[in-house]
Amino acid sequence: MSKQLDAVTFGEPMAMFYANEAGPLHEVTSFSKALAGAESNVATGLSRLGHKTGYVTKLGEDNFGQFIAGALNKEQINTDSITYTKEFPTGMLIKSKVLTGDPKVEYFRKNSAASKLSLSDFDESYFASAGHLHVTSISAALSKTCHEFSLHAMEFMKKNGKTVSLDPNLRPVLWPDTETMVNTINDLAARCDWFLPGHSEGKTLTGLDTPEEIAGYYLERGVSLVVIKLGPEGAYYKTSSGEEGYVGGFKVETVVDTVGAGDGFAVGVISAMLEKLTVAEAVKRGNAIGALAVMSPGDMDGLPDRDSLEKFMKTSV
């Protein structure tokens, strides 16, 4: 039996090479290496705030796999349930540096080790040791076996009285078509407790327009809390008990890199909910960590420890 965990997640962590200079990726000559992946971002953020967090994946027996395991351990993330394979490589990506807008990202993850994660890798005692499960739809998009793993993990945790959060993290490039993406993610959403879409993601998934309508769509399907990210403006939330509201964003002086902001937001909401704060307080913390995330170059450089989070929330309005 693994030691008790506050939260667990699973997915594909990747070695990321991000450009140190602006310009087209094929012209860049200098890169820095870091850990990347939506789920590893969330695991890192929760761990830095003092929550015991576990990460489940499959890595290749290669240098990138070694690098990722080392990076996770350095963040004090529990890696007891990570498995390794000689057959398939660890995934990687390269990311451009931009002066405005979103960076360009190119993935090298086809037939990666993590995409081979399957039900045979599901350790019941490990998941049972955690109080909460965080899921993104990226995992379900990787392969049929990863989709099965996602469904099984969510059902197992719900059946055992644990809470489940889902960030849709839309990645159209990973899906065969939009219809499959929408249907699969909405099926996953109906199995979670806390759903955390961005406003444009909610529009894509429901065909509805306003945050209120989008939240209502998922509350009708059994979700107990829907939080809709509105970018710099903040976020809107609504619960199954009828509590709702808008929570304003934090001022950001300079946007360095927008990647990872949604994961930072998830860290804020999940950590605060696990600490039994009010929903409004949870959304405010989500806004704060999302703001911190966009002010740093790597996907997780801006994820704060508790002291720097409290300082930022006190001094930034």
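In the predicted model, the lining of the largest pocket comprises 21 nonpolar, 14 polar and 11 charged residues. The volume of this pocket is about 1,100 Å³. Among its 46 lining residues, T258, V259, G260, A261 and G262 lie closest to the pocket centre. Several elements contribute at least two residues each to this lining: the strands β2 (14-22), β7 (92-97) and β8 (105-108), together with the helices α1 (38-48), α7 (199-206), α9 (261-274) and α10 (279-294). Helix α10 provides the largest share, with five residues.

Helix α5 spans residues 144-159 and contains 16 residues. The distance from its first C-alpha to its last is 23 Å, close to the 22 Å expected at 1.5 Å a residue. Buried positions in α5 are C146, F149, S150, L151, A153, M154, F156 and M157. In an α-helix, residues three or four places apart point the same way, because there are 3.6 residues a turn. Just after α5, G161 adopts a positive phi of about 75°.

Positive phi values also occur at two asparagines. N111, although not a glycine, has a positive phi of about 55°; this residue is found in the loop between β8 and α3 (124-128). N111 counts as partly exposed because its relative accessibility is 43%, a value between the limits of 20% and 50%. N169, likewise not a glycine, has a positive phi of about 40° and is found in the loop between β10 (163-167) and α6 (178-189). With a relative accessibility of 8%, N169 is therefore classed as buried, the cut-off being under 20%.

Definitions and conventions:
Residues numbered from 1 in each chain as written. Predicted model: local features only at pLDDT ≥ 70, side-chain atom pairs only at ≥ 80, totals over all residues. Heavy atoms only, no water. Helix = DSSP H or I, 4+ residues; strand = E, 2+ residues; numbered from the N terminus. Expected span 1.5 Å × (residues − 1). Buried < 20%, exposed > 50% of the residue type's maximum accessible area, 1.4 Å probe, protein only. 1 Å grid on protein atoms, 1.4 Å probe; cavity = no way out; pocket = protein on both sides within 12 Å on 5 of 7 lines; lining within 4 Å. Points joined across faces, edges and corners; volume = space filled by probe spheres on them. Nonpolar A, V, L, I, M, F, W, Y, C, P; charged D, E, K, R; others polar.
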